[in-house]
Amino acid sequence: MTKDGVNGTAVEMIEGIKNEGFQEEAAENHGGQGEPNTSSLVLSPNREESAYTQIKPYAGMPKEVLLLYSNQVRYRLPRELLFWLTIVSTVGLVALTSAVIAMSPRCLGWWQSSAVYQIYPRSFKDSNNDGIGDLKGIEEKLEHFEYLNIKAVWISPFYKSPMKDFGYDVEDFRDIDPLFGTMQDFENLLASMHSKGLKMIMDYIPNHSSDKHRWFQLSRNRTRGYEDYYIWTDCTPPVPPNNWVSVFGNSSWTYDEVRDQCYLHQFLKGQPDLNFRNPRVREEMTDIIRFWLDKGVDGFRMDAVKHILEAQHLRDEPQVDPNQPPESVDSESDLYHDYTTSQLGLHDILRGWRVEMDKYSREPGRHRFMVTESYDYKEISKTMMYYGTPTVKESDFPFNFYLIDLPNRLSGDGAFDLVNLWMTNMPEGKWPNWVVGNHDKPRITTTAGTEYTRVINMLLLTLPGTPTTYYGEEIGMENVNVSESEIQDPFGKFNPNMSRDPQRSPMQWSAEENAGFSQNKTWLPIHPNYTTVNVESQKSDSGSVLEQYRALSFLRETELPLHRGWTCFVHRDADVFAFVREMDGFPVAFLVVLNFGGDALTDLSGVLELPDELKVRVGTSGREGTLLHKSKIDTKLGEGLVLEYSSNQRLHPGHGSSCFVSEKACYLSALDILYKC
Ligand code: NOJ
């Protein structure tokens with residue numbers, strides 16, 4: 001600061017000051033010595049000290065005075081300290097937040113956190129007593145899902161339909177069939193589900209529509225713009241254009257007199273295949289996805305996706321048995337489906353829908369879920385393609401149907417093989433899932449035997465990933481007998497052995513007439529065991545299939561290692577399949593021992609990481625709390641045990657090839673948090 005500068009400042013100070021103490025001192029300086037002693041105010045540190053201790057800062061002081069104060073150490077120091085503290089803590093907070101974000105494993109989505117429950121709407125609950133289930137009926141029973149701790153419900157189709165394939169033949173993709181209710185009923189159901197924290201997954205059927213659909217009517221009349229909505233080709237009846245056969249049997253071509261051409265149907269003739277090579281069809285079908293997403297549905301189960309495209313050259317498919325007379329080729333298993341399934345371009349279509357669904361998935365907790373249905377038993381790599389790639393998303397998972405085969409391989413080894421097949425083929429980081437039944441396959445309780453019901457449910461609910469439960473599996477419902485003359489299913493009409501009616505019988509709610517499903521004659525017979533196998537009775541029996549299902553469902557949710565930990569296979573033989581669920585840092589781990597054969601004594605003393613004693617947490621035959629030695633784990637035919645133990649030793653570091661995890665996470669008990677590790 002220059003002397004002039006100081007002078008100038010001093011004068012201005014005097015003019016602008018109302019503080020008396022300050023004025024007095026300034027006057028003294030002027031009067032007493034003739035010359036203003038400018039240095040006394042600013043330049044002498046001591047004088048400066050005393051001047052400023054006498055003059056208190058006051059509101060409205062001029063900037064120049066303020067500046068003089070602000071340079072003082074006692075003001076400057078705390079100010080600078082505060083400034084740097086703010087900077088350091090802001091940077092620290094940002095760094096800490098980024099570190100926490102970077103270190104935190106992803107939260108599980110709603111579709112990963114509980115079983116998905118499949119409802120076949122004709123058979124779940126009839127609210128208007130016409131003998132057929134409906135949407136209001138489902139709404140009446142939502143409490144069942146809360147009871148079972150189920151958060152996601154997939155409802156098989158309820159679109160307007162002539163019901164040739166019970167809803168898989170859609171007449172209007174934007175309307176509800178009156179049999180099931182109205183659009184208002186749908187909206188009420190969705191709102192009720194959401195208010196209870198339940199997610200709704202709809203069936204979406206892209207491959208075909210009903211022949212009653214407006215598009216088909218316009219197309220068969222060659223209405224402009226609609227000519228190519230379906231797959232049409234010239235033919236001379238009764239000779240089909242090629243040897244392609246429908247999944248339900250017989251030629252997949254039907255001659256249409258109106259258009260004087262044949263159309264393709266990979267299912268029933270009432271289910272013509274849409275032409276996905278036509279961009280207008282693709283746009284229409286994407287619009288339908290948007291329509292339901294706008295209404296708020298949470299996801300889609302995509303039907304029969306491998307059939308969406310077929311080869312344009314229409315060449316004959318190769319016969320499985322080249323010596324079979326070509327005129328006798330009439331069923332799906334007679335041909336290799338090189339030209340009617342999994343054609344190039346299929347995954348692009350699905351990925352396009354994923355992109356569309358992602359646009360609706362941006363809010364937290366609003367992920368729109370996609371699961372694809374494709375039976376490719378013998379070519380698991382084809383199934384895995386529906387997972388997408390590390391950079392291009394497709395379905396959240398393709399349905400894993402392999403466990404449906406368990407009854408044909410009922411043993412510890414068989415269970416291991418089927419589980420291992422999926423785990424070793426699944427792309428890294430993807431999420432597994434398990435299905436033991438649906439509306440197309442015989443109920444597993446019947447095919448495996450009722451003595452295995454509980455252990456199968458235990459397998460389903462303790463494996464890593466999302467289990468799917470077909471309605472009734474939670475109480476051990478069995479296939480019902482339907483006489484040949486009463487067959488409803490079109491597939492069953494082609495081949496009674498293939499009828500899907502037995503697994504579609506009405507849900508058994510209680511021991512009341514018609515199992516509490518309806519007060520009227522039901523569309524399919526009810527299983528005669530409904531007086532004991534029903535929800536109400538099993539609720540009051542702590543050892544029932546239902547109560548065990550419920551206990552496992554809650555256990556799966558509450559125990560971190562069970563819903564997102566490692567899975568390590570530790571044992572398999574003719575009877576028993578055993579695996580461990582564990583997580584680094586988590587004090588508790590679980591050994592799951594499942595018996596799919598006969599009575600067995602399993603010795604796991606060779607698994608050094610296991611402690612000697614383990615406690616039964618959940619058992620299929622009520623042994624909860626029992627302590628078992630790892631060298632002598634006894635299980636009976638069909639018995640399952642979830643054994644709990646505490647140990648710091650983890651299996652996965654030493655058993656790499658038998659251990660799997662979708663996304664690594666470790667538990668920090670001191671802070672009760674998960675972190676990436
Ligand atoms: C698969 C469905 O699950 C089945 O029930 C249906 O008949 C076919 N797709 C045709 O849509």
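Here is a friendly set of questions and answers about the structure shown above.

Reader: I am new here, so what kind of model is this, and from which number are residues counted along each chain?

Author: This is a predicted model, in which local features need pLDDT of at least 70, side-chain atom pairs count only at pLDDT 80 or more, and totals for chains, interfaces and linings use all residues. Side-chain values use heavy atoms, with hydrogens and water left out, and residues in each chain are numbered along the written sequence from 1.

Reader: Which residues are joined with Asp-165 into one network of salt bridges?

Author: A salt bridge here is a side-chain nitrogen of Lys or Arg within 4 Å of a carboxyl oxygen of Asp or Glu. By that rule the count is 36. One example is Glu-644 with Arg-617, at 2.5 Å from N to O. Through shared partners, salt bridges join Asp-165 into one network with Asp-440, Asp-489, Arg-500 and Arg-504.

Reader: How many residues apart in sequence are the parts that Asp-358 and Lys-393 tie together?

Author: These two form a salt bridge, with the closest N and O atoms of Asp-358 and Lys-393 3.0 Å apart. Asp-358 lies in helix α13 (residues 346-359) and Lys-393 in the loop between α14 and β11 (397-398), so the pair ties together parts whose separation in sequence is 35 residues.

Reader: What is the strand order in the open sheet of 3 strands?

Author: Helices (H or I, at least four residues) and strands (E, at least two) are DSSP runs, numbered from the N terminus, and two strands pair if DSSP finds at least two bridges between them. The edge strands are β6 (232-233) and β7 (253-256), each pairing on one side only. β6 pairs with β8 (residues 261-264) in the antiparallel sense over 2 bridges, and Trp-232 stands opposite Tyr-263 in β8. The order is therefore β6-β8-β7.

Reader: Which peptide bond is cis, with omega of about 10 degrees?

Author: Most residues other than glycine have a negative phi, and most peptide bonds are trans. The loop between β6 and β7 holds Pro-238 and also Asn-250, whose phi is positive at about 70 degrees although it is not a glycine. The cis peptide bond is the one that joins Pro-237 and Pro-238.

Reader: Asn-514 also has a positive phi, so is this residue buried or exposed?

Author: Phi of Asn-514 is near 55 degrees. Asn-514 is found in the loop between α18 (490-494) and α19 (535-539). Its relative accessible area is 17%, so Asn-514 is buried.

Reader: How much accessible area does the nonpolar surface patch with Val-91 have?

Author: Patches are made of residues with over 30% relative accessible area and no salt bridge, where like charges are joined within 9 Å and nonpolar side chains (Val, Leu, Ile, Met, Phe, Trp, Tyr) within 5 Å. Val-91 lies in helix α6 (residues 73-103) and is exposed, with a relative accessible area of 53%. Together with Phe-83, Trp-84 and Ile-87, Val-91 forms a patch whose accessible area is about 420 Å².

Key: Areas by Shrake-Rupley, 256 points an atom, 1.4 Å probe, with all protein chains shown as cover. Buried < 20%, exposed > 50% of the residue type's maximum accessible area, 1.4 Å probe, protein only.
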